[in-house]
Amino acid sequence: MKLSKFKFNLPSELIALHPTHNRDEARMMVINRTTGKIEHKVFKDILEYYGKDDVFIFNNTKVFPARLYGNKEKTGARIEVFLLRELNQDLRLWDVLVDPARKIRIGNKLYFGEDDSMVAEVIDNTTSRGRTLHFLYDGNHDEFKEALYKLGETPLPKYIERPVEPEDEARYQNIFATEEGAVVAPAAGLHFSRELMKRLEIKDCKFAFLTVHSGLGNFREIDVEDLTKHKMNSEQMVINAEVVKTVNEGKDGGHQICAVGTSVMRAIETAVSTDGHLKEFEGWTNKFIFPPYDFSAATSMVTNFHMPLSTLLMMTASFGGYDLIMDAYEVAIQEKYHFGAYGDAMLILD
């Protein structure tokens, strides 16, 4: 499978810059991968397709305010710092990306906040853009994290070309997000409102919550035409015994298993056994799913409409079938569906 097979022309006006007014009222394209039928619905119509003991698997990772802006010592140059992950609590060490990277060298100090209340020193280069920062702070760890996060803003994807607004803090976050660690929101889950979750519960649907701390690898450009040569960034994930029990009981009972989002699909395919049952897992995954691929666990999938040439589109095409999904994307553009994290939804059924 070649990278160029996932290229298509996406009009910029179809990239969603804001979420729908109500989470569950985005448009939803429903695709039956057996018949090839395409329907046009509203997201809360998902209730029509699931019933007693069907299982939804969600990603409960929580996005933190990862994007900061600081000033370089002496020159005052404005530097964007994107927090990736905390390396050492006691030493206040963070793995970050800096932009523009060419201006930042080991030993440089960066100042954050209107009164320069937070200072960080560059102590290592990790990649061409990556750095390790040592934050200088006198308080305890909880006070430090609170102060650091006050300086940060919601890390909207770069393709959402507008300033961050107050509503983004809540809307670029799933309502069931509890496990802090993501810099990318699992976008498929953004469509689930409290009311919709309650109505699914009333229908006796089952919920399972695993954790994948979604990272910037989702947006990294692929620079090889042969997809077998692309290496995915690793993401931390946890699938506990409760998730395993819920999913395997649903599967053994012949019920639908719905993966809500590409991060969930990637996680369960990382932790599935040869007989199609889920196993407990705690660690990292760099699994890259692209067509052709045989899925073992999920029978259906909720996802958004993704950017051209993205790994997210490739996984969607793997599950729905390359030809059907690419045809559906043509229909989506004709029907003016919205793309991206704040965009509309796609439900793929057997």
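# Loops, barrel and cavities

Q: Where is Leu309 found?
A: In this predicted model, Leu309 sits in the loop between E16 and helix H6 (311-320).

Q: What is the phi of Leu309?
A: Phi of Leu309 is positive, at about 65°, although the residue is not a glycine. Most residues other than glycine have a negative phi.

Q: Switching to peptide bonds: which residue does a cis bond join to Asp99?
A: Asp99 is joined to Pro100 by a cis peptide bond with omega of about 0°. Pro100 belongs to the loop between strand E7 (93-99) and E8.

Q: What about the bond from Pro291 to Pro292?
A: The bond from Pro291 to Pro292 is cis, and omega is near -10°. Pro292 is in the loop between E15 and strand E16 (300-304).

Q: Now the barrel. How many strands close into it, and in what order?
A: The barrel is closed by 6 strands in the order E5-E6-E7-E10-E9-E8, with antiparallel pairing. From one strand to the next, the twist averages 45°.

Q: How many bridges join E8 to E9?
A: Strand E8 (residues 109-112) and strand E9 (residues 118-125) run antiparallel and are joined by 4 bridges. Leu110 stands opposite Ala120 in E9.

Q: Which residues are on the covered face of E13?
A: Glu235, Met237 and Ile239 form the covered face of strand E13 (residues 235-239), while Gln236 and Val238 form the uncovered one. In a regular strand the side chains alternate between the two faces of the sheet.

Q: How many bridges join E13 to E15?
A: There are 5 bridges between E13 and strand E15 (residues 281-285), and the two run antiparallel. Glu235 stands opposite Thr285 in E15. E13 also pairs with strand E12 (residues 206-212), in the antiparallel sense over 2 bridges; there, Thr211 stands opposite Val238 in E13.

Q: How many disulfides does a search of the whole structure find?
A: The search finds 0 disulfides.

Q: Which residues line the largest cavity?
A: Pro19, Thr20, Arg23, Arg171, Leu190, His191, Ala341, Tyr342 and Gly343 line the largest cavity. By class, they comprise 4 nonpolar, 3 polar and 2 charged residues.

Q: How many residues line the second largest pocket?
A: The second largest pocket has 17 lining residues, with Phe64, Pro65, Glu153, Thr154 and Glu169 nearest its centre. Strand E4 (61-63) and helix H1 (141-151) are the elements that give two or more residues to that lining.

Q: What are the pocket's residue classes?
A: The lining of the second largest pocket divides into 8 nonpolar, 3 polar and 6 charged residues. About 270 Å³ of space lies in the second largest pocket.

Terms used: Residues are numbered from 1 along each chain as its sequence is written. This is a predicted model: local features need pLDDT of at least 70, side-chain atom pairs count only at pLDDT 80 or more; totals for chains, interfaces and linings use all residues. Side-chain values use heavy atoms; hydrogens and water are left out. On a 1 Å grid over the protein atoms alone, a cavity is a set of points where a 1.4 Å probe fits but cannot get out, and a pocket is an open set with protein on both sides within 12 Å along at least five of seven lines; lining residues have an atom within 4 Å of a point. Grid points are joined across faces, edges and corners, and a volume is the space filled by probe spheres set on the points. Ala, Val, Leu, Ile, Met, Phe, Trp, Tyr, Cys and Pro count as nonpolar, Asp, Glu, Lys and Arg as charged, and the others, Gly among them, as polar. A disulfide is a pair of cysteine sulfur atoms within 2.5 Å. Buried means under 20% relative accessible area, exposed over 50%, partly exposed in between (1.4 Å probe, protein chains only). Two strands pair if DSSP finds at least two bridges between them. Axes are lines fitted to C-alpha atoms, for helices over the stretch in contact, and angles run from 0 to 180 degrees between N-to-C directions.
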